[in-house]
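Please look over the sequence and the model before reading on.

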Amino acid sequence: MKRISPMRSRGAEAPALLELKTSLQETQSALSHAYTAFDYASDPELTEACIYEIQSLQARMNYLVRRIKEMELCAATAVGVQAGRARWI
């Protein structure tokens, strides 16, 4: 399910940000499949492989979320500066 944020409706997003968000959605889907494979794995080696895959996908998701937040913060700061509403934190 895709969530729609009121923040997104203000303007077009940067292509790099859209690519990161697309990659995040694909990673979430792959993680869902990895959990399903884990649920049905019966061999100990397959179970171990599923665990490594899940951990890898979780690390990738953490990276993507961190990058998306950084890019959105930079974009929000740039918009604030352009509008004359810059704040120093």
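The points below are grouped by topic, from the overall make-up to single residues.

This is a predicted model. The protein has two helices and zero strands. Of its 89 residues, 17% are buried.

**Overall make-up**

- Among contacts with a separation of 6 or more, 58% are between residues 24 or more positions apart.
- Helix α1 covers residues 15-40, which is 26 residues.
- From its first C-alpha to its last, α1 reaches 38 Å, close to the 38 Å expected at 1.5 Å a residue.
- The buried residues of α1 are Leu17, Leu20, Lys21, Ser23, Leu24, Thr27, Leu31 and Ala34.

**The nonpolar core**

- In soluble globular proteins, nonpolar side chains tend to be buried together.
- The largest nonpolar core in this model has 10 residues.
- Its members are Leu17, Leu20, Leu24, Leu31, Ala34, Ile54, Leu57, Met61, Leu64 and Ile68.
- The elements giving two or more residues to this core are α1 and α2, the latter covering residues 44-82.

- Leu24 lies in helix α1.
- Leu24 counts as buried because its relative accessible area is 15%, below the 20% cut-off.
- Setting aside residues up to four places away in sequence, Leu24 touches Met61, Leu64, Val65 and Ile68.
- Leu24 and Tyr63 are 39 residues apart along the chain, and their C-alpha atoms are separated by 9.4 Å.
- Ala34 is another of the core residues, and Ala34 touches Glu53, Ile54 and Leu57 when residues up to four places away in sequence are not counted.

- Gln58 is found in helix α2 and counts as partly exposed at 32% relative accessibility.
- Apart from neighbours within four places in sequence, Gln58 is in contact with Leu31 and Tyr35.
- The C-alpha atoms of Gln58 and Thr27 are 8.5 Å apart in space, while the two residues are 31 residues apart in sequence.
- Met71 also has its place in helix α2.
- With neighbours within four places in sequence left aside, Met71 is in contact with Ala16, Leu17 and Leu20.
- Met71 and Leu17 are 54 residues apart in sequence, with 6.8 Å from C-alpha to C-alpha.

**Salt bridges**

- Side chains of opposite charge can pair when their charged atoms come close.
- The count of salt bridges in this model is two.
- One of them joins the side chains of Glu72 and Lys21, at 3.0 Å from N to O.
- This pair links distant parts of the chain, with Glu72 in helix α2 and Lys21 in helix α1, 51 residues apart.
- The salt bridge between Arg67 and Glu70 has its closest N and O atoms 3.3 Å apart.
- Arg67 and Glu70 are separated by about one helical turn because they are three residues apart in helix α2.
- An α-helix has 3.6 residues a turn, so residues three or four places apart point the same way.
- Arg67 is partly exposed at 30% relative accessibility, and Glu70 is partly exposed with a relative accessible area of 38%.

**Cysteines**

- How many disulfides does the structure hold? The structure holds zero disulfides.
- Is Cys50 buried or exposed? Cys50 is buried, with a relative accessible area of 8%.
- Cys74 counts as exposed because its relative accessibility is 56%, over the 50% cut-off.

Key
Residues numbered from 1 in each chain as written. Predicted model: local features only at pLDDT ≥ 70, side-chain atom pairs only at ≥ 80, totals over all residues. Heavy atoms only, no water. Helix = DSSP H or I, 4+ residues; strand = E, 2+ residues; numbered from the N terminus. Expected span 1.5 Å × (residues − 1). Buried < 20%, exposed > 50% of the residue type's maximum accessible area, 1.4 Å probe, protein only. Core = buried A, V, L, I, M, F, W, Y, C linked by side-chain atoms within 4.5 Å. Contact = heavy atoms within 4.5 Å. Salt bridge = Lys/Arg side-chain N within 4 Å of Asp/Glu carboxyl O. Disulfide = S-S within 2.5 Å.
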